[in-house]
Amino acid sequence: MLIFITGYMGAGKSSAGIKLARSLNYYFLDLDLLIEQFTEKSIRKIFEESGEEEFRIIERKVLLEHLKDENTVISTGGGTACFFDNMEMMNKMGVTVFLDTPLDFIMERLRKDRQNRPLLSAIPEHELPGFISRQYEERKKYYSKAQIRIDNTDQKILPGMIRAIK
Ligand code: S3P
């Protein structure tokens with residue numbers, strides 16, 4: 001089985017994915033890291049040098065290369081589900097999980113840790129909450145196409161994720 005974890009930036013997709021992979025005895029892959037390995041550049045550098053449009057093309061290419069992986073949990077980037085027909089492809093080839101983390105938790109996390117997130121780093125701090133809530137609302141319709149929604153309110157999601165997947 002191939003499992004994709006989707007959700008907004010700062011939702012905790014990687015740590016959820018690592019825990020899930022460990023408990024299922026699966027491999028774990030992080031799409032952002034795969035992109036960095038493939039391009040030999042950091043995500044920030046790709047955005048700086050080539051812009052978001054090019055990043056989305058690379059992101060899709062790397063995603064497509066992993067659609068036939070087995071026994072693997074892939075944590076996707078916050079935008080992966082929202083471009084091209086990436087979500088449809090993931091739904092077709094694997095099990096998709098929307099890690100539904102409350103916006104206030106996401107906000108707090110991103111406020112502290114946005115330097116490595118090129119979409120947020122240039123936004124002045126006082127505009128950040130507005131930007132994040134607008135983008136989160138726009139993107140939720142894509143995440144909601146996932147087959148499984150996991151409520152991450154108390155950040156104790158592992159038992160629920162395993163139950164939903166098995
Ligand atoms: C992005 C999220 C990032 C990364 C890139 C773009 C987005 O991944 O792919 O900076 O559009 O939401 P994380 O969700 O892991 O931060």
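Because the model is predicted, local features need pLDDT of at least 70 and side-chain atom pairs count only at pLDDT 80 or more, whereas totals for chains, interfaces and linings use all residues. Residues are numbered from 1 along each chain as its sequence is written, and side-chain values use heavy atoms, with hydrogens and water left out.

The ligand has 13 residues around it, and those that come nearest are Lys13, Asp32, Arg56, Gly78 and Arg139; a residue counts as near if one of its heavy atoms lies within 4 Å of the molecule. By class, this shell has five nonpolar, three polar and five charged residues. Here Ala, Val, Leu, Ile, Met, Phe, Trp, Tyr, Cys and Pro count as nonpolar, Asp, Glu, Lys and Arg as charged, and the others, Gly among them, as polar.

A polar side-chain atom of arginine 139 is 2.7 Å from a ligand oxygen, an N or O atom in the side chain of lysine 13 is 2.8 Å from one, and for arginine 117 the distance is 3.0 Å. The protein covers 93% of the 390 Å² of accessible area that the ligand has on its own, as given by the Shrake-Rupley method with a 1.4 Å probe.

Helix H3 (43–65) and helix H6 (118–121) each give two or more residues to the shell, and H3 supplies its largest share, three residues. Helices are DSSP runs (H or I, at least four residues), numbered from the N terminus.

A pocket is an open set of points on a 1 Å grid over the protein atoms alone, where a 1.4 Å probe fits, with protein on both sides within 12 Å along at least five of seven lines; lining residues have an atom within 4 Å of a point. Of its 29 lining residues, Met9, Asp32, Gly77, Asn116 and Arg117 are the closest to the centre. H3 gives the largest share of the lining, six residues.

Definitions and conventions
Polar contact = N/O pair within 3.5 Å; in protein donor to acceptor, adjacent residues only side chain to side chain.
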